[in-house]
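Please open the structure in your viewer and keep the selection panel at hand.

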Amino acid sequence: MLVNGKWSANWQPVQAKDEKGGFVRQTSSFRNWVTPDGSAGPTGAAGFKAEAGRYHLYVALICPWASRTLIGRTLKGLEEVISVSIVEPEIGDQGWRFAQPDPVNGASFMHEIYTKADPTISGRATVPVLWDKNTRTIVNNESADILRMLNSGFGELASDAVDLYPETLRAEIDALNDYIYPRLNNGVYRAGFATTQIAYDEAFSDVFEALDRLEDQLAGRLFLFGDELTETDIRAFVTLVRFDAAYHGLFKTNLRRIADYPNLQSYMLRMIDLPGIRATVNIDHIKRGYYSIKSLNPSGIVPKGPYIPGLYEPA
Ligand SMILES: N[C@@H](CCC(=O)N[C@@H](CS)C(=O)NCC(=O)O)C(=O)O
């Protein structure tokens, strides 16, 4: 992580924990919003007007949070409006690394993007990051915000074929997001990074309680709220699609696989078949990335399986 703008190697041992040995995720530090006219959004400063070619997204294909934003960009038809850099899947001693210096900032590591935005910053250099090429700073590094601004912040530049946060469903969307984030999206990490049995046990039951609930909710439905795809579907999907390949083994969330849940499995495949979505899912990156987390897998050996029906066949 960064401490006063300097990289301090070996981020994994300093993973934050609570008093019960539970995993604690860092809160995001840049919370500005792109808006159609450049006015301030719900948080942060004004000055980030939607313009084609102005913004750049830094992502990792292993990362579920970053994948939310990549999927949002695709579904809103913003591929030509917002450029993207993808980091290498393995996290090393310097955090996320670019295979080639990134075309926008010439950076070799993700932490350089953070120190360009704030030379004295402290914290983890996480993805996703939405970067402003004009003011040369980070607009926002919280995927939930970025997904929302992709939906409505780019005005005419974005496709209106899908509304990921429709007025009529907002209360239900917020409620289900609040339910699945701690139990499922972050629940798998809480299980994986738990350092006590009790913290693991709690996370494990939360994960499967949430999966059971989603399985029930999807009965007879295309998407979580019916026929309309919303941001909650994206937020659920990014965890489901990583589950059997990474979380079930590495994070020990192994009561059931997604393949054992008929509704969740067919929903996951329905989502992946939406135009452009399969290209955002790279199971090899996902496996190599998660299994490179040294504190959980010191040997670095990446399992060959599993076979995931409709999604992944081992080479
Ligand atoms: N709250 C952030 C979390 C992002 C996050 O934790 N990303 C992980 C990858 S999945 C990361 O970059 N971790 C690097 C680190 O913690 O040093 C969001 O949702 O955007």
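Begin by colouring two ranges of the protein chain: 2-157 is domain 1 and 167-290 is domain 2, with bounds from an automatic or database domain assignment. Their centres, taken over C-alpha atoms, are 22 Å apart. To the contact between them (heavy atoms within 4.5 Å), domain 1 gives 24 residues and domain 2 gives 33 residues.

This is a predicted model, in which local features need pLDDT of at least 70 and side-chain atom pairs count only at pLDDT 80 or more, while totals for chains, interfaces and linings use all residues. Residues are numbered from 1 along each chain as its sequence is written, and side-chain values use heavy atoms, without hydrogens and water.

Finally, display the polar contacts (pairs of N or O atoms within 3.5 Å). At E142, a side-chain N or O atom lies 2.8 Å from a nitrogen atom of the ligand. At S143, a polar side-chain atom is 2.6 Å from a ligand oxygen atom. At N141, a backbone N or O atom is 3.4 Å from an oxygen atom of the ligand.

Key. A polar contact is a pair of N or O atoms within 3.5 Å; within protein, one must be able to donate a hydrogen and the other to accept it, and residues adjacent in sequence count only if both atoms are side-chain atoms.
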